Protein chains: 4
Amino acid sequence: MNKSEEDPGSKYFDSDVTDRERAIFEGAITLGALYHQFVGTPIRDKGALETAIEESALAHPFIKGAKAKVDDSGERGDSPYQYPELSGKGLIIELEAEYNESRAKLGMRRVQGLDYPLMYIKEIRG
Amino acid sequence: MNKSEEDPGSKYFDSDVTDRERAIFEGAITLGALYHQFVGTPIRDKGALETAIEESALAHPFIKGAKAKVDDSGERGDSPYQYPELSGKGLIIELEAEYNESRAKLGMRRVQGLDYPLMYIKEIRG
Amino acid sequence: MNKSEEDPGSKYFDSDVTDRERAIFEGAITLGALYHQFVGTPIRDKGALETAIEESALAHPFIKGAKAKVDDSGERGDSPYQYPELSGKGLIIELEAEYNESRAKLGMRRVQGLDYPLMYIKEIRG
Amino acid sequence: MNKSEEDPGSKYFDSDVTDRERAIFEGAITLGALYHQFVGTPIRDKGALETAIEESALAHPFIKGAKAKVDDSGERGDSPYQYPELSGKGLIIELEAEYNESRAKLGMRRVQGLDYPLMYIKEIRG
């Protein structure tokens, strides 16, 4: 791993950490961050919320791609109090993290047979 | 106060509560909600974040107008780790809440002489 | 209203705002804040989370009492991924806000017949 | 990697992912989650907040140890509006994540010479 000036934080990492592991590390932080930053947000314009989530993801270090999809189908009602809020089950995220030559594709979605959102590593290269 | 079918929650309120007080109540909930939902969000596209905040505000009951302004000037750095995050001091919000004939204009901003963001009632009518 | 040195923010408020309205305003901000700060928190020790919510509430200005009750019954599962998270429907809050001689009791809970958490003013005095 | 019944999510991961990488992945999600769940929380009793953060960390899958330290020294003032809030710079976290025989120690703290909180992998074994 090239611990260059470009990454002033690298000296704090176990020197045994590989580039693959760094790509996974950075992507996973972002998955956890997005979930806990945005879950609970009242939804009115789902496109605006998706864009804000994607831009927030891309502000994180080493994140090179981000796609968010929000499900706003739930819980809209007749009363003014009843409006959809972003839930973990209603959020799909795809991320790409890159560290030197390593690239990780990570995702979050509710998978069939599991009644909760799963965060996973879709692909790791390099 | 007209405790109509339009507000199925009203029967849970102290019957002494006025329409003015309801307008203030609903607006203030939204101020607190926006602050604690969005503070900490990494900022890359401040326009996208402002739109998401405004749309989230308008999803709340009885909120008729919302304007958000995000300050992204802070803490961008040379290293990939250093990026601006939304802070309370870097967020300006203006809201209008309406309940029957009463209308409250509320705001949040860092006022001169106070080194913290203040939430306040700018105007109450009706 | 006594706009004393004790409240350096009061000069930014519409001079028409009453003490009752201020008590409601401060309490409502706190309700919105607690909801959007803590919803989504993974639950392992509900007592610890309830205490943290109550202490956070009491840090807000003019809040004199706070009680939180967390429902952790949902969604614990056989797999390591399945654990309860704080949802709006699983959170009960009672607050007391005081401004000069006025005192507001506010609450949040899921009321019968409404499939969502309602924030309401239980009692306003003074 | 033993893709046993104990981990029903593992089949969604790239089969190339190692146990070390899984330990890092799970720990990193939790770091990001804690940061964005709790930053912004008003602080009154820092011990209660630390406990809530640690318990929330331990609710995440594969997290075997968690320690949080909150800095509440900032911004307490004479006015009722001025109270400390949890900032990223004022939060120290240490986590241990375990997946099969692999164990990762991860941390977050503000390191000397960097004016922002750094998340890092302190040690990876197995």
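This note goes through a predicted model point by point, from one chain to the contacts between chains.

1. **Ground rules.** Residues are numbered from 1 along each chain as its sequence is written, while chains are lettered from A and ligands numbered from 1 in the order in which they are written. In this predicted model, local features need pLDDT of at least 70, side-chain atom pairs count only at pLDDT 80 or more, and totals for chains, interfaces and linings use all residues; side-chain values use heavy atoms, with hydrogens and water left out.

2. **Chain A by itself.** Chain A has two helices and four strands. Along the sequence the pattern reads α-α-β-β-β-β. Helices (H or I, at least four residues) and strands (E, at least two) are DSSP runs, numbered from the N terminus. The C-alpha atoms fill a box of roughly 60 × 30 × 20 Å, taken along the principal axes.

3. Chain A has 126 residues, and 60% of them are buried. Buried means under 20% relative accessible area, exposed means over 50%, and partly exposed lies in between (1.4 Å probe, protein chains only). Now take the contacts (heavy atoms within 4.5 Å). Among those in chain A between residues at least 6 apart in sequence, 51% join residues at least 24 apart.

4. **Chains A and C: the symmetry.** How is chain A superposed on chain C? A rotation of 180° does it, with 0.0 Å of shift along the axis and an RMSD of 0.0 Å. The two copies are thus related as by a two-fold rotation axis. In chain A, the C-alpha nearest that axis belongs to Gly40(A), 3.5 Å from it. The superposition is by least squares on the C-alpha atoms of residues with pLDDT of at least 70 in both copies.

5. **Chains A and C: the contact.** Chain A gives 14 residues and chain C gives 14 residues. Of the interface residues of chain A, 100% are also interface residues in chain C, so the copies meet through the same surface. The area buried between them is about 1,100 Å², and carbon and sulfur atoms give 52% of it. Buried area is the accessible area (1.4 Å probe) that two parts lose on being put together, summed over both.

6. **What holds the A and C sides.** How many salt bridges cross between chain A and chain C? The count is zero. A salt bridge is a side-chain nitrogen of Lys or Arg within 4 Å of a carboxyl oxygen of Asp or Glu. There are four residue pairs in polar contact, both residues at pLDDT 80 or more. A polar contact is a pair of N or O atoms within 3.5 Å; within protein, one must be able to donate a hydrogen and the other to accept it, and residues adjacent in sequence count only if both atoms are side-chain atoms.

7. **Chains D and A: the contact.** Here 33 residues of chain D touch 33 residues of chain A. Together the two chains bury about 2,800 Å², with 63% of it on carbon and sulfur atoms. Tyr12(D), Phe25(D) and His36(D) supply 23% of the area that chain D buries against chain A, more than any other three residues.

8. **Chains D and A: the links.** Six salt bridges are counted between chain D and chain A. One side-chain pair in a salt bridge is Asp14(A) and Arg125(D), at 3.7 Å from N to O. Helix 1 (19-38), strand 3 (102-110) and strand 4 (117-125) of chain D each supply at least two residues of the side that touches chain A. Helix 1 of chain D gives the most, with eleven residues.

9. The whole structure holds 40 salt bridges over all chains. One of them pairs Glu55(A) with Arg44(B), their closest N and O atoms being 2.7 Å apart. Glu55(A) lies in helix 2 (residues 46-59) of chain A and Arg44(B) in the loop between helix 1 (19-38) and helix 2 (46-59) of chain B, so the pair joins two chains. Glu55(A) counts as buried, at 16% relative accessibility. Arg44(B) is partly exposed, at 44%.

10. **A salt bridge within chain C.** Asp7(C) and Arg22(C) form a salt bridge, with the closest N and O atoms 3.1 Å apart. Asp7(C) sits in the segment before helix 1 (19-38) of chain C and Arg22(C) in helix 1 of chain C, so the pair ties together parts that are 15 residues apart in sequence. Asp7(C) is buried, with a relative accessible area of 5%. Arg22(C) is buried too, at 1%.
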